[in-house]
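Biologist: I have not looked at this one before. Please walk me through it, a piece at a time.

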Amino acid sequence: SSCLFVCLLLTLTEASPCPDGYKQVNGGDCFRVGLNEISSFDDAEADCNADGGMLASIHNPEENAAARDMECYYSVHQKLIGIRCVGIDCKWTDGTPLDYFHFAYDDAPIDNGQERCYSISDYDGMWYKTSLMPTEGRACWMCRIKAKTITCNANEVEYKGGCVFVQTTPANQSVAENSCPGQGGHLISIHSDFENSFYQSLASSAGITGSIYLGGKQYSDKDLSWLDQTFYDYHHFTPPFPNSAFGDCVQMMLSNEFGTLGQWTNVDCITKLPYICYRDGTVMPTTPVRLTTTTTTSIQPLASPNCPSVQYFNKAGKIYSPNFPLSIPAQQRCEYVISTDRGTLAHIKFPVYDCESGTKLTVYDGLDSEDPLLYFTSTAPNPSRLYAATSNIIKLVFEPTDNSSPVGTGWEAEFFPF
Ligand SMILES: *[C@@H]1O[C@H](CO)[C@@H](O)[C@H](O)[C@H]1NC(C)=O
């Protein structure tokens with residue numbers, strides 16, 4: 001019985017997986033409401049950032065119901081959430097995939113090129129479009145932060161439900177990445193101004209004065225990929241960077257020598273630098289990426305090896321499978337939404353298709369259609385055949401069919417209005 005008491009006490013005093021003021025939802029991440037007189041979406045985001053969180057993304061009906069039920073203020077019945085749309089191009093600011101939505105019928109995103117924010121209603125849990133500038137009185141919003149699932153070591157700092165480790169001994173980037181402690185430990189990725197300042201001051205207070213490695217690899221001047229496979233939704237490059245002529249790796253400057261304290265530049269990956277690692281217990285699927293770092297081939301992929309979110313494409317253009325034309329990464333589901341101009345019919349063709357096994361590419365006529373227009377597994381479509389939708393929207397889903405590694409180099413699609 002004494003054990004019963006002690007054990008009970010231990011359980012009760014065990015630290016909550018959520019920071020103060022947050023509530024864990026459905027055994028997953030932690031949510032809280034924010035309330036203040038704010039003048040923009042960014043003010044609300046900054047409030048969430050101050051805890052290491054972001055405006056809340058919502059990924060399933062349970063999270064939606066919990067967000068609906070969290071009360072904010074007696075006279076405010078809508079809470080801003082972290083979705084931003086430009087026309088029908090919608091993204092969660094925390095970079096997570098748009099895999100669930102609950103727009104109020106009259107307020108669903110429309111293809112008008114205008115920017116929209118959304119709030120969740122206390123009454124029906126639907127998402128209503130919200131003015132970007134709440135002008136008067138109070139506004140409410142929802143913040144989301146990862147629940148703590150691991151215990152940090154004495155030489156680590158707790159942050160965002162995970163642990164941060166500062167290594168002052170310099171190493172090249174591959175050695176640095178591989179020496180990050182713990183399961184799923186990686187060189188840091190950065191997703192907000194708050195986070196940038198947080199890591200900058202952590203490095204400075206550890207006595208680092210030059211620069212540190214961040215966990216970014218530059219695929220092209222537009223496309224950076226984080227080693228922890230999070231979404232590339234923020235950067236703090238100082239002009240004229242990003243510029244991969246200086247190297248494919250990314251460093252944060254820790255001095256004002258170039259007027260660039262906390263800003264990023266590219267650096268050659270063989271340079272030895274101090275670095276910071278982060279781990280939160282999440283282990284991302286490792287994709288066997290055959291890249292050009294040490295091999296003799298000089299082919300650069302036309303698309304990043306990762307497709308963590310729905311990708312939106314407008315008007316006309318080309319789309320490539322991840323890592324094309326290098327090997328197809330394993331176990332990734334990619335979704336592409338194509339919208340040509342209103343009043344036109346979207347057309348698509350597949351001039352290159354090399355997927356020998358392990359994948360399926362499905363073409364949908366419109367966004368919500370249950371019935372696929374067609375799909376391809378190992379048999380290539382006729383490269384000159386045009387496929388037409390009955391509206392201006394086509395959706396593509398490229399996904400694994402089994403657990404084996406896909407064989408092939410992927411596909412290229414061309415789309416245009418007609
Ligand atoms: C990084 O350093 C390790 C150990 O010194 C070395 O084996 C490796 O080739 C280096 N990598 C690069 C890209 O310079």
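**Working through the model**

Biologist: Where is Asn323 placed?

Modeller: Asn323 sits in the loop between E18 and E19. Strands such as these (E, at least two residues) and helices (H or I, at least four residues) are DSSP runs, numbered from the N terminus. Residues are numbered from 1 along each chain as its sequence is written, and side-chain values use heavy atoms, with hydrogens and water left out. This is a predicted model, where local features need pLDDT of at least 70 and side-chain atom pairs count only at pLDDT 80 or more, while totals for chains, interfaces and linings use all residues.

Biologist: Is Asn323 buried or exposed?

Modeller: Asn323 is buried, with a relative accessible area of 0%. Buried means under 20% relative accessible area, exposed over 50%, and partly exposed in between, using a 1.4 Å probe and protein chains only. Asn323 also has a positive phi of about 70°, although it is not a glycine.

Biologist: What about the peptide bond from Phe324 to Pro325?

Modeller: That bond, from Phe324 to Pro325, is cis, with omega near 0°. Pro325 is in the loop between strand E18 (317–320) and strand E19 (334–339). The peptide bond from Phe241 to Pro242 is also cis, with omega near 0°. Pro242 belongs to the loop between strand E13 (224–226) and strand E14 (249–253).

Biologist: And Lys160, where is that?

Modeller: Lys160 is in the loop between strand E9 (157–159) and strand E10 (162–171). Lys160 has a positive phi of about 50° and is not a glycine. Its relative accessible area is 23%, so Lys160 is partly exposed.

Biologist: Stepping back, how many helices and strands does the protein chain have?

Modeller: The protein chain has 5 helices and 25 strands. Of its 418 residues, 48% are buried. The accessible surface of the chain is about 20300 Å², and 53% of that belongs to carbon and sulfur atoms. Those areas come from the Shrake-Rupley method with a 1.4 Å probe, and for residues only the protein chains shown count as cover.

Biologist: Among contacts between residues at least 6 apart in sequence, what share join residues at least 24 apart?

Modeller: The share is 73% in the protein chain. Contact means heavy atoms within 4.5 Å.

Biologist: Pick a helix. Which residues of H3 are buried?

Modeller: H3 covers residues 61–69, and Glu63, Asn64, Ala66 and Ala67 are buried there. Seen down the axis of H3, the buried residues fall within an arc of 165°, so they line one face of the helix. The arc is that of the directions from the helix axis to the C-beta atoms.

Biologist: Why would that spacing put them on one side?

Modeller: An α-helix has 3.6 residues a turn, so residues three or four places apart point the same way.

Biologist: What do the buried residues of H3 pack against?

Modeller: They pack against strands E2 (30–36), E4 (78–86), E6 (115–121), E7 (127–130) and E8 (139–145).

Biologist: On to the ligand. Which residues are around it?

Modeller: Asn172, Ser174, Val175 and Ile270 are around the ligand; a residue qualifies if one of its heavy atoms lies within 4 Å. The protein covers 37% of the 360 Å² of accessible area that the ligand has on its own. An oxygen atom of the ligand is 2.3 Å from an N or O atom in the Asn172 side chain.

Biologist: Now Ser211. What does its side chain join in a polar contact?

Modeller: The side chains of Ser211 and Gln251 are joined by a polar contact of 2.6 Å. A polar contact is a pair of N or O atoms within 3.5 Å; within protein, one must be able to donate a hydrogen and the other to accept it, and residues adjacent in sequence count only if both atoms are side-chain atoms. Ser211 is in strand E12 (residues 211–218) and is buried, at 8% relative accessible area.

Biologist: And Asn266, which strand is that in?

Modeller: Asn266 lies in strand E15 (residues 264–267) and counts as buried at 4% relative accessibility. Its side chain makes a polar contact of 3.0 Å with the side chain of Gln218. The Asn266 side chain also reaches the backbone oxygen of Cys249 at 3.3 Å. Asn266 is in contact with residues including Phe241 and Pro242, the pair joined by a cis peptide bond.
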